[in-house]
Amino acid sequence: METKRDLSQYRLEQAEQCLKSAKILLDSNDYKGAANRSYYCVFHCMRSILALEGMDFKKHSGLIAYFRKEYIKTGKLDVALSDIITDVFQIRTESDYDDYYVVNKADVEEQIKNAEYFIQQTKKYLEVLL
């Protein structure tokens, strides 16, 4: 039987794989793909923390709202993560769904840097709990 801890670790591994993929896609000049993967790095980080509560959401917006309310507004996690969530979600959404949106290299590099920070903060938070 899968434990909450196992699920959290699995989701963190997914986040790490997404970050790795984002860097490969950036190096291949696939900025839309890199933006998508860096968003999903952050997404899986949030889900890895929520797994310890047994929480999950069907919609990204619900997950983000809950995560902000329970982890950022309460001071459990750095408030800077809220801006990172906003930025990665916006760029991912626009690059995935707006036919004419062009994501540039500098934006993706910043997004990957932010995803790296997010995963670092997630690991730091989880270390205390696990």
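Visitor: What makes the radius of gyration of the chain agree with a compact globule?
Guide: The radius of gyration is taken over C-alpha atoms, and the globule rule is 2.2 Å times the number of residues to the power 0.38. With 130 residues, that rule gives a value near 14 Å; the chain has 14 Å, so the two agree. The C-alpha atoms fill a box of roughly 40 × 25 × 25 Å along the principal axes.

Guide: A word on the source. This is a predicted model, where local features need pLDDT of at least 70, side-chain atom pairs count only at pLDDT 80 or more, and totals for chains, interfaces and linings use all residues. Residues are numbered from 1 along each chain as its sequence is written, and side-chain values use heavy atoms, without hydrogens and water.

Visitor: Why is His 44 called buried?
Guide: Buried means under 20% relative accessible area, exposed over 50%, partly exposed in between (1.4 Å probe, protein chains only). His 44 has 9% relative accessibility, so His 44 counts as buried. Of the 130 residues of the chain, 43% count as buried.

Visitor: Which residues is His 44 in contact with, leaving aside neighbours within four places in sequence?
Guide: Contact means heavy atoms within 4.5 Å. His 44 is in contact with Arg 11, Gln 14, Ala 15 and Cys 18, with those neighbours left aside.

Visitor: Where does His 44 lie, and how many helices does the chain have?
Guide: Helices (H or I, at least four residues) and strands (E, at least two) are DSSP runs, numbered from the N terminus. His 44 lies in helix 2, residues 31-51. The chain comes to five helices and zero strands.
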